[in-house]
Amino acid sequence: MKETVFTGIRFVYFDLDDTLLDHKSAQMKALDATLAEFDIFEHISSEEFKKAYHNRNKELWHLYNHGKIDKDELRYRRFADTLDELGLDNGLFDKVESRYMHHYEHSWDWVPGADAVYDRIRENYASGIVTNGFANIQYKKIDKFDLVKNGEKTVISEEVGYLKPHPKIFEHAIELAGVQPNQVLYVGDSFNSDIEGGKRAGLQTAWYNPGNTNQKPDEADLVFDDFSVLANQLFP
Ligand SMILES: [Mg+2]
């Protein structure tokens with residue numbers, strides 16, 4: 001048997017957005033499709049729209065993460081504030097948000113190569129998902145891609161009341177897994193939420209880092225940009 005970077009893994013947890021499912025490209029496609037549908041965007045370019053949305057969305061998530069605004073405020077303000085920033089009449093923000101969500105849900109797809117490896121891992125290990133996000137949306141993704149069909153565990157920040165990287169969400173996940181922290185492998189794409197958070201909670205970590213960003217490779221037990229690399233470590 002070849003050596004692997006992991007030891008004694010009994011449970012594998014995955015992050016959902018941009019680890020298993022390609023949230024970023026679904027978001028880009030949805031923003032473009034939404035832009036094309038409303039006359040108010042006639043003189044706004046795709047780049048301007050995306051930049052304004054990302055700025056506002058990032059700021060609002062920061063406020064949400066710190067308990068300063070609730071979910072509903074985040075949801076309506078991300079488009080109301082975007083329209084304001086672009087100097088447009090924000091009266092249509094709820095229609096824009098609802099078309100955006102429609103397009104977003106129809107643009108979901110797997111991260112390339114993740115589906116086959118996810119299936120192979122869940123056939124051979126107890127497994128589950130730990131995700132930051134809104135429960136109703138994350139459950140729709142889970143249903144659409146049949147991510148929980150063999151008793152896989154699901155941990156969603158909105159239900160637990162803590163967002164990654166908070167230790168409490170990982171503690172909850174570990175308890176649900178019924179194993180020791182160091183017997184859990186956590187696979188995720190966010191250095192801060194997944195790798196630093198997972199490591200602080202005592203988990204082994206695999207960092208999906210296809211963009212080679214933020215290089216601090218020593219923090220994770222494995223850094224990979226192709227799911228076959230993860231598979232080779234778990235099935236040596
Ligand atoms: Mg992610």
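**Figure 1. Pairing of strands β4 and β5 in the predicted model.** In β5, W207 is the bridge partner of G188. Strand β4 and strand β5 (residues 204–208) run parallel and are joined by four bridges; two strands are taken to pair if DSSP finds at least two bridges between them. Helices (H or I, at least four residues) and strands (E, at least two) are DSSP runs, numbered from the N terminus. This is a predicted model, in which local features need pLDDT of at least 70 and side-chain atom pairs count only at pLDDT 80 or more, while totals for chains, interfaces and linings use all residues. Residues are numbered from 1 along each chain as its sequence is written.

**Figure 2. Burial of strand β4.** Five of the five residues of β4 are buried, so the strand is largely enclosed by the rest of the structure. A residue is buried if 20 or more other C-beta atoms lie within 10 Å of its own, exposed if 12 or fewer, and partly exposed in between, with C-beta atoms placed from the backbone. V184, Y186 and G188 lie on one side of β4, and L185 and V187 on the other, so that both faces are covered.

**Figure 3. Strand β1 and its two partners.** In a regular strand the side chains alternate between the two faces of the sheet. From strand β1 (residues 11–14), F11 and Y13 point one way and V12 and F14 the other way, and all are buried. Strand β1 pairs with strand β2 (residues 126–131) in the parallel sense over four bridges, and A126 in β2 is the bridge partner of F11. Strand β1 is also joined by four bridges to strand β4 (residues 184–188), again in parallel, with Y13 opposite Y186.

Figure 4. The buried residues of α2 are F49, A52, Y53, R56 and L60. Seen down the axis of α2, these buried residues fall within an arc of 95 degrees, so they line one face of the helix; the arc is that of the directions from the helix axis to the C-beta atoms. The buried residues of α2 pack against α1 (23–37) and α3 (71–85), where contact requires C-beta atoms, placed from the backbone, within 7 Å. On the face turned away from the buried side are the exposed residues E47, K58 and H62. Helix α2 is followed by G67, whose phi is positive, near 70 degrees.

Figure 5. In the loop between β1 and α1, D18 has a positive phi of about 70 degrees although it is not a glycine. D18 is partly exposed, with 19 other C-beta atoms within 10 Å. D146, in the loop between α6 (135–144) and β3 (153–156), is likewise not a glycine and has a positive phi of about 55 degrees. With 9 C-beta neighbours inside 10 Å, D146 counts as exposed. A cis peptide bond with omega of about 10 degrees joins K164 and P165, and P165 is found in the loop between α7 (157–160) and α8 (167–177).

Methods
Two residues are in contact if their C-beta atoms, placed from the backbone, lie within 7 Å.
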